[in-house]
Amino acid sequence: MLNCNMDKNELLKIVALVYGVTVEDIKTKSRKRQLVDARKLFCLLVTTLIKWQSYIGYTTTTKTGEAIGVTHSSVLYFIKDAQHQKRYNSNFREAHSRALGMIHKRISESDAIRNETTKIIKETIQAIGGKD
């Protein structure tokens, strides 16, 4: 199980970077393919991260939808269609892989920082004569 508390907007920033758009673009009502696919990827990644128990920002489809300006039913459709796109659309599959790679990197960096901080705290406690 991965453990990382990502900022609510961090995932949107990753998706925006993958698609070469802004977070504000993703939140618009535009039906341009690039932005629709970005919204679908965002919804799919939220469900993935919830399964990993590493993302606590959006725990319902309503909250996920609020983040990108759509209804919960649109989120459900996006997830279903994103799973289909991941299977049959190589461009979407590549975007999904790139986003997951960026998320894994962020989580790894976070874990390394947390481990180093824990080590320093334990060493400090031992140095002042406390018990760990």
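Start by selecting helix H3: 14 of its 19 residues are buried, so H3 is largely enclosed by the rest of the structure. You are looking at a predicted model. Now check the length of H3. At 1.5 Å a residue, its 19 residues should span 27 Å. The end C-alpha atoms of H3 are 27 Å apart, which agrees.

**The whole chain**

Zoom out and color by secondary structure. The protein chain has six helices and zero strands. Read from the N terminus, its elements run α-α-α-α-α-α. Next, color by burial. Of the 132 residues in the chain, 37% are buried.

**Gly20, between H1 and H2**

Select Gly20. This glycine sits in the loop between H1 and helix H2, residues 23-27. Is Gly20 buried or exposed? Its relative accessibility is 65%, so Gly20 counts as exposed.

**H4 against H5**

Two packed helices are described by the angle between their axes and the distance between the axes. For H4 and H5, the angle is about 90° and the axes lie 8 Å apart. The two helices are therefore roughly perpendicular to each other; the range for that word is 65 to 115 degrees.

Show side chains at this contact. From H4 come Thr61, Thr62, Thr64, Gly65 and Ile68. They meet His72, Val75, Leu76 and Phe78 of H5. By class, the residues of this contact divide into four nonpolar, five polar and no charged.

**Asp81 in H5**

Stay on H5 and select Asp81, which is placed in this helix. Its relative accessibility is 14%, so Asp81 counts as buried; the cut-off is under 20%. What does the side chain of Asp81 touch? A polar contact of 2.2 Å joins the side chains of Asp81 and Lys40.

**H5 against H6**

Select residues 72-88 for H5 and 90-127 for H6. These helices pack at an angle of about 105°, and their axes are 6 Å apart. That makes H5 roughly perpendicular to H6.

Which residues of H5 and H6 meet? On the H5 side, show Ala82, Gln85, Lys86, Arg87 and Tyr88. On the H6 side, show Ser90, Phe92, Arg93 and His96. This contact has three nonpolar, three polar and three charged residues.

**Both ends of H6**

Go to the N-terminal end of H6 and select Asn89. This residue caps the helix. A side-chain oxygen of Asn89 lies 2.9 Å from the backbone nitrogen of Asn91.

Now follow H6 along its length. At 1.5 Å a residue, the 38 residues of H6 should span 56 Å. The end C-alpha atoms of H6 are 55 Å apart, which agrees. Past the helix, select Gly129. This glycine follows H6, and its phi is positive, near 90°.

**The buried residues of H6**

Return to H6 and select Phe92, Ala95, His96, Ala99, Leu100, Ile103, Ile107 and Ser110. These residues are buried. An α-helix has 3.6 residues a turn, so residues three or four places apart point the same way. Keep that in mind as you look down the helix axis.

What covers the buried residues of H6? The cover includes helix H1 (10-19), helix H3 (33-51) and H5. Display those helices around H6.

Finish on Leu100, which is placed in helix H6. At 18% relative accessibility, Leu100 counts as buried. Leu100 and Ile14 are 86 residues apart in sequence and 9.2 Å apart in space.

Conventions: Residues numbered from 1 in each chain as written. Predicted model: local features only at pLDDT ≥ 70, side-chain atom pairs only at ≥ 80, totals over all residues. Heavy atoms only, no water. Axes fitted to C-alpha atoms, helices over the stretch in contact; angles between N-to-C directions. Helix = DSSP H or I, 4+ residues; strand = E, 2+ residues; numbered from the N terminus. Parallel < 35°, antiparallel > 145°, perpendicular 65-115°, else oblique. Contact = heavy atoms within 4.5 Å. Nonpolar A, V, L, I, M, F, W, Y, C, P; charged D, E, K, R; others polar. Expected span 1.5 Å × (residues − 1). Buried < 20%, exposed > 50% of the residue type's maximum accessible area, 1.4 Å probe, protein only. Polar contact = N/O pair within 3.5 Å; in protein donor to acceptor, adjacent residues only side chain to side chain.
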